[in-house]
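Please keep the sequence and the structure in view while reading.

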Amino acid sequence: GDSGGGSDKAAGGGAIKVGLITKFPVDFYDTMVDAVKQYDAAHADVEVVYGQGKSGTDDEGEIAIIENMITQGVKAIAITPTSPNVQGALDKAVKAGIKVVLIDNDIPGWSGKSSVVATDNLAGGKLAGQWLAKQLPAGSTIAILQGRLGNPSLDDRVKGLKEGLAGAAKVVAEPATDCDETKGLNAAQDILTANPDVAAIYGACGPPITGALQAVKAAGKKPVVVGFDASPDEIKAIESGTQAASVAQFPAKMGSLGIETAVAAAKGETVKPAVDTGTEMVTKDNVAKFK
Amino acid sequence: MIAGTAPPALRIAGATKRFGAVVALDAVDLEVAHGEVLALLGDNGAGKSTLIKCVSGVHQFDAGTVEIDGTAVSLGSPADARGAGIETVYQDLALFDNLDPAANFYAGREDAGPRWLPRGLRLLRRRAMSDSTAEVLSRLQVGLPDQRAGVGLLSGGQRQAIAVARAAAFASSIVILDEPTAALGLRESRRVLDLILRLRGEGRAVIVVSHAMDHVMEIADRAVVMRRGRKVGEERPTPENQQKIVSLIVGGV
Amino acid sequence: MIAGTAPPALRIAGATKRFGAVVALDAVDLEVAHGEVLALLGDNGAGKSTLIKCVSGVHQFDAGTVEIDGTAVSLGSPADARGAGIETVYQDLALFDNLDPAANFYAGREDAGPRWLPRGLRLLRRRAMSDSTAEVLSRLQVGLPDQRAGVGLLSGGQRQAIAVARAAAFASSIVILDEPTAALGLRESRRVLDLILRLRGEGRAVIVVSHAMDHVMEIADRAVVMRRGRKVGEERPTPENQQKIVSLIVGGV
Amino acid sequence: MALSTARPHTAATGPPPTTRARGPRLALALIRTGPLLMLVAVVVTATALSPVFFTTRNLGNVLAQTAVIAILAMAQLLVIVTRGIDLSVGSTVALAAVVGALTFEAVLSATLVVLAMLGTGLAVGTVNGVALVWGRLPHPFIVTLATLSVAHGLALWLAGGQPHRGMPDVVQLIGGTSIGWLPWSTLLVAALALLVLLLTTRLVWGRWIYAVGGNPDGARRAAIPVNGVLISVYVLSGLAAGIAAIITAGRLNAGSPTFGELAELDAIAAVVIGGASFLGGRGSVANALVGALMIGVIRNAMNLLNVDAFIQPIVIGVVILIAVELDVIRGALERRFQVMQAVAA
Amino acid sequence: MALSTARPHTAATGPPPTTRARGPRLALALIRTGPLLMLVAVVVTATALSPVFFTTRNLGNVLAQTAVIAILAMAQLLVIVTRGIDLSVGSTVALAAVVGALTFEAVLSATLVVLAMLGTGLAVGTVNGVALVWGRLPHPFIVTLATLSVAHGLALWLAGGQPHRGMPDVVQLIGGTSIGWLPWSTLLVAALALLVLLLTTRLVWGRWIYAVGGNPDGARRAAIPVNGVLISVYVLSGLAAGIAAIITAGRLNAGSPTFGELAELDAIAAVVIGGASFLGGRGSVANALVGALMIGVIRNAMNLLNVDAFIQPIVIGVVILIAVELDVIRGALERRFQVMQAVAA
Ligand SMILES: Nc1ncnc2c1ncn2[C@@H]1O[C@H](COP(=O)(O)OP(=O)(O)OP(=O)(O)O)[C@@H](O)[C@H]1O
Ligand SMILES: Nc1ncnc2c1ncn2[C@@H]1O[C@H](COP(=O)(O)OP(=O)(O)OP(=O)(O)O)[C@@H](O)[C@H]1O
Ligand SMILES: [Mg+2]
Ligand SMILES: [Mg+2]
């Protein structure tokens, strides 16, 4: 149950205490948290403690939560690290005998982790790039709406896209949007003004793509719009045909597999060093199963 | 006491005021009649400005009562004091440096309409206000370089003249002037003294704080002397009494 | 001219200053000798404070030259003026309301050491500064409620006394006082006048701006009258001349 | 000495004496246009660098992108004139938009949605103003920082961290559509600008805000209802955030807790670029609008020119600095020309 | 009338007259501790709600989590005392950390890395101060907003948007390790606090900053080097950002362009909670530190109590507001007690 007090399990009874730390309150992480809560409810021998940061780059916030969880005596931590910067705090946890499972993104080169349960963002980007390369005629142009500059997984989605395109289209603009809907709309308006013939728009996260769709509608153009995350808004847009595709991740899977792995590690079982939760292109053809 | 049986325009009794550990006013009694000029004298820090600020609603007495025309009033705010017909020139002038003379004149009582609207939403009669301000100032012969500029860059005397003209133009019952001629030139001082006499002639009660004994001798009907927050004496300012008043102020041993 | 062949302490020639469209000073010539008190007279807005501010380095003349003891100087900043031995009491006092009297006294020339350190990094001699400030103030008999509180809440006269005492305590060659007694009581005014005479006795050149003719008559050796930025006359302030000076100020037709 | 003690109303006789030359008057008038001159410079530069910049279509985009900053800047101006600051407006936009979206999910009434958004803005503004005045707080920075935080949290909590899609047609019309190339939101901004201009220059209330900013203590002594005036500017600022929420929500057809992030900094920057002073009592609506447009034009031009995303914040910072510095130089030039004019007279 | 015209040095004779009663003195002394009292209240509440809060281990965490805010708050205090504000410190932390990390990648010298971070902070601070003073800007808000933007852009650009891992051992020691439960960074904060206390209360420079804040025009007339003083506070603020970068980089063993985001708001809030005034001339280092700790303790307690992430900003906002309001009430009480004391005398 919830560690918030009204728990059905006696705190400190035989239950194993594990922590789940997610980045910040958006749908994606909420889905993950919901899956973990289901797991929590179904397992009487596990007590999950939850923590969440303020934003996608709130390293300090996550570190504070990690430190506090160490103080609270958890046996394992499953965390979606905001950036490799939280590594120092996680080292402290490992030193205190706590198993650490990374969810959603990896901290490359860090040996302290027990396992990584994640989408491969680079691979997801590549998937989108290869898909777009097939759709676009030769010599096409594409605009990229970047996410929050300095965020490795968002950057990987852009890097992956370029690798996947393999030169099939020329990038004419790549402004940063901070994953903000308004900024996505503004940027898309300007891109469509400066490059009326742009053949495709790709977004590293959901909200700016949703904003860009407004600009596309107003401009009366039909570029191929591809997003990443397959947020509920994107799913609706794909259904209605305004958006072509999005790269879906599986946050619920990440959550349940992540917490399972963490509990297993806490119990001293051996766990797989990497669990890929996979990505998939969502298009009009298969959108039904993502609702 | 000069006033006969008619109640005085302003009567203060037992006025006391403390700032932290400083006792600025200590059980001061005071009254002024209509058509009378009362000089409030005393050394620096005697409590004159504090008394005036309390009567004007800027500060509140810790103890003491105030009567206007015989009825007890509470002066909880400057608006109360204005409402009771009290108009004040403060020692620090309380001007708006960023506003022009007309705006300074009418601050808090803007000439505006229509009347059925709440005060803040009325339309300013800007032309009327600047015209009449110019007129009042020219009557007091205050020469200003620019009628439309903020008063912040005016000379010390020009600023004081504006503050005095403002109080005089709107005076209704009681006019209080805290060192109104301190920064004024000869000509301007003369005009302010004439103005005070005129106000008296119109039946207003006037309280003047001043360190200029010659001015006090000339215009005041009565002089109250304060020292360290206490009222230490009250005299008619006649040439014979001058030395006595001076020694009251200085605390002559 | 009173000074003999020795160059005057301060000589200003052709001083001109404009603020936007306002001509505050128009080719003013002026000089003061050591051991002389010069009164600077004139109506409100005549340009007296502007002249003083230019000499103190606060403003810069648009045109004109300044000589001190016969050598031309440039007064580009208040520090230049202080360096040239000029000490000024401004009409607006220029006090630091958030600082205590001692800090106000020593602002910009803190008593601190050791000397080999850059000025800002020296250690304050706080005890020495507050002791000597208390002493100077008690000599001027300025009674303060609290030596450690900021001067912002003091009475108008208490504030002016602090500003005058500050300038006097540090005066070296030329002392300029812009209406130093405007807010002062009888006793305090007396003390400031005595102080000015003492400064003269010590050979300093003193310029006093004042609207109080009795003060001017008493202490000044010479009076310069300004009107609308121009110097319109220069007289010895003797009882016979008083009427003449007054009509110069007022612009007697 | 015939000083009337009643309200003086008679007109002065004859015009005031004029000492100004007609010579450098034109130069002076040009210099006085101030921030506008700099906006023109920025627009000319953008036009020179990008052929599409000065097209009706792009100008329409710029206007639509700037509407929210412009509205928030006008309100911020009122606050800054009274020596205050309102940091909460960005979060309030988010909260109001979320409340609007939730209202629309509950009842399909456009009127109620609009009222909900305006009401939310009003509520936050009222809290700011009342806390400042009744709490006798020394400065609004901290109240509005607190309400920034609270409104942000509330928006997240109410929305469950999610954007809520769907807005009534009229909201979408205001925020998202144009007449030809001219966005509806621009018309709304223009109407509000006229209203604020009226408020600040023609109404008693406008006098009061400048008086309170110029000398709060003096305003109190002049029996100006200082507390009421202070509360009113924060209430208006909240209301402006509500209006900004309508535009944002209409533009994106949604209410989301991420709306308006850091919008307060844009608004304050616009006001300061427009020459207002944090020390209160100074500033004009027109110049605040010019400041907002300046920020909007620069952002738009950089997108058109495909300036590297890393470089964009650098350019914005430098341009803001140059704009303010030019205003300083302009002021000095103005004084210089006034002297020349006086000498010529 | 024997006024010496030389520097007066003789000591006054006899103690000044005392009119204070010894009665309510204790109550008054207690009330005067001010913000500290509120910090104690917050700590007591946190201890009551969470059993782990008042353990050495958690207190160590709180101190480590607060070190950066504390350092930035002390510097911000100096700026605010001079009537200024420095919005650029957060971005400067990021820029300095990135420069440090890149330096470490180029040369493995710990000294050079530390110097690079401090130097970067100094450079940004110098730009702020010099632009403000030489540019004759009316207020530092806009310069420091501009450098916020520029430093952020530069950090992103230099780092290529990526965090760069790896810091010299000494940096990791300072930022990331403890002696027992006491973080090294706390010792650094304590040392800096002593230094700033010395600067503000014992040195001539400290007098000057209060004089400049109290009356800038008067300070100029008193021949205080106002421009130098202003430049110096911004330079120190930049330097503080450099030191904060060392701690952050050491704690995270990296330099990243996302460091220090919005840290300026925390720093300013801490200073204001500590009772300083935006109107300048008022504020103390000790209280700024107390303000920083208050923010740190509240954040930590909410994490320990597992308060919902959406609710956290609401709680922080409300607590900040209460803290400032209590300070206002405390001031009123203090005056009341002074009167009681005077009456009792
Ligand atoms: N707001 C305040 N807070 C604290 N002390 C104050 C305040 N106002 C005045 N005082 C103190 O009260 C005493 C009386 O001051 P007040 O201004 O009334 O004197 P005054 O008679 O007007 O003197 P002056 O002739 O110098 O203007 C002084 O000691 C002053 O320092
Ligand atoms: N900084 C300034 N900017 C613009 N105008 C100014 C400035 N300072 C003074 N003036 C104007 O210059 C003229 C002379 O002012 P000044 O202060 O020198 O007069 P004054 O002789 O000292 O008068 P008072 O006796 O009233 O103090 C006035 O008209 C004033 O408005
Ligand atoms: Mg007084
Ligand atoms: Mg003057």
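## Strand pairing in chain B

In this predicted model, B:Ile12 has B:Leu30 as its bridge partner in S2(B). That pair belongs to an antiparallel arrangement in which S1(B) and strand S2 (residues 22-32) of chain B are joined by seven bridges. The two strands form a hairpin with two residues between them, and in this hairpin B:Gly20 adopts a positive phi near 50°.

Strand S1 (residues 10-19) of chain B is also joined to strand S4 (residues 63-68) of chain B, again in an antiparallel sense, through five bridges. Within this second pairing, B:Leu10 finds its bridge partner in S4(B) at B:Ile68. As a general point, side chains in a regular strand alternate between the two faces of the sheet.

## The site of ligand 1

Ligand 1 is surrounded by residues from chains B and C, so its site is shared between chains. There are 21 residues around ligand 1, and those that come nearest are B:Gly45, B:Ser49, B:Thr50, C:Ser155 and C:Gly157. Sorted by class, the shell around ligand 1 contains seven nonpolar, 11 polar and three charged residues.

Several polar atoms of chain B approach oxygen atoms of ligand 1. A polar side-chain atom of B:Thr50 is placed 2.5 Å from an oxygen atom of the ligand, while an N or O atom in the side chain of B:His211 is 3.1 Å from an oxygen atom of ligand 1. The backbone takes part as well, with a polar backbone atom of B:Ala46 at 3.1 Å from an oxygen atom of ligand 1. On its own ligand 1 exposes 640 Å², of which the protein buries 88%. Two or more residues of the shell come from each of S2 and helix H1 (48-55) of chain B, and likewise from helix H5 (156-170) of chain C.

## The site of ligand 2

Ligand 2 lies between chains B and C, and of the 21 residues around it, B:Ser155, B:Gly157, C:Gly45, C:Ser49 and C:Thr50 come nearest. The elements that each supply at least two residues of its shell are helix H5 (156-170) of chain B, together with strand S2 (22-32) and helix H1 (48-55) of chain C. The class composition of the shell around ligand 2 is seven nonpolar, 11 polar and three charged residues.

Backbone atoms from both chains approach oxygen atoms of ligand 2. In chain C, a backbone N or O atom of C:Gly47 lies 2.8 Å from an oxygen atom of the ligand, and a backbone N or O atom of C:Lys48 is likewise 2.8 Å from an oxygen atom of ligand 2. In chain B, a polar backbone atom of B:Gly156 is 3.5 Å from an oxygen atom of ligand 2. Of the 640 Å² of accessible area that ligand 2 has on its own, the protein covers 89%.

## The magnesium ion

Which residues coordinate the magnesium ion (ligand 4)? The coordinating atoms are OG of C:Ser49 and OE1 of C:Gln91, at 1.9 to 2.1 Å. This pair links distant parts of the chain, 42 residues apart, since C:Ser49 sits in helix H1 of chain C and C:Gln91 in the loop between strand S6 (86-89) and helix H3 (101-106) of chain C.

With a relative accessible area of 19%, C:Ser49 is buried, because buried means under 20%. C:Gln91, at a relative accessible area of 26%, is partly exposed.

Notes:
Residues are numbered from 1 along each chain as its sequence is written. Chains are lettered from A and ligands numbered from 1 in the order in which they are written. This is a predicted model: local features need pLDDT of at least 70, side-chain atom pairs count only at pLDDT 80 or more; totals for chains, interfaces and linings use all residues. Side-chain values use heavy atoms; hydrogens and water are left out. A residue is near a molecule or strand if one of its heavy atoms lies within 4 Å of it. A polar contact is a pair of N or O atoms within 3.5 Å; within protein, one must be able to donate a hydrogen and the other to accept it, and residues adjacent in sequence count only if both atoms are side-chain atoms. Accessible areas come from the Shrake-Rupley method with a 1.4 Å probe; for residues, only the protein chains shown count as cover. Helices (H or I, at least four residues) and strands (E, at least two) are DSSP runs, numbered from the N terminus. Ala, Val, Leu, Ile, Met, Phe, Trp, Tyr, Cys and Pro count as nonpolar, Asp, Glu, Lys and Arg as charged, and the others, Gly among them, as polar. Donors are N, O and S atoms within 2.8 Å of the metal (3.2 Å for Na, K and Ca); water is not among the atoms, so sites may look incomplete. Buried means under 20% relative accessible area, exposed over 50%, partly exposed in between (1.4 Å probe, protein chains only). Two strands pair if DSSP finds at least two bridges between them.
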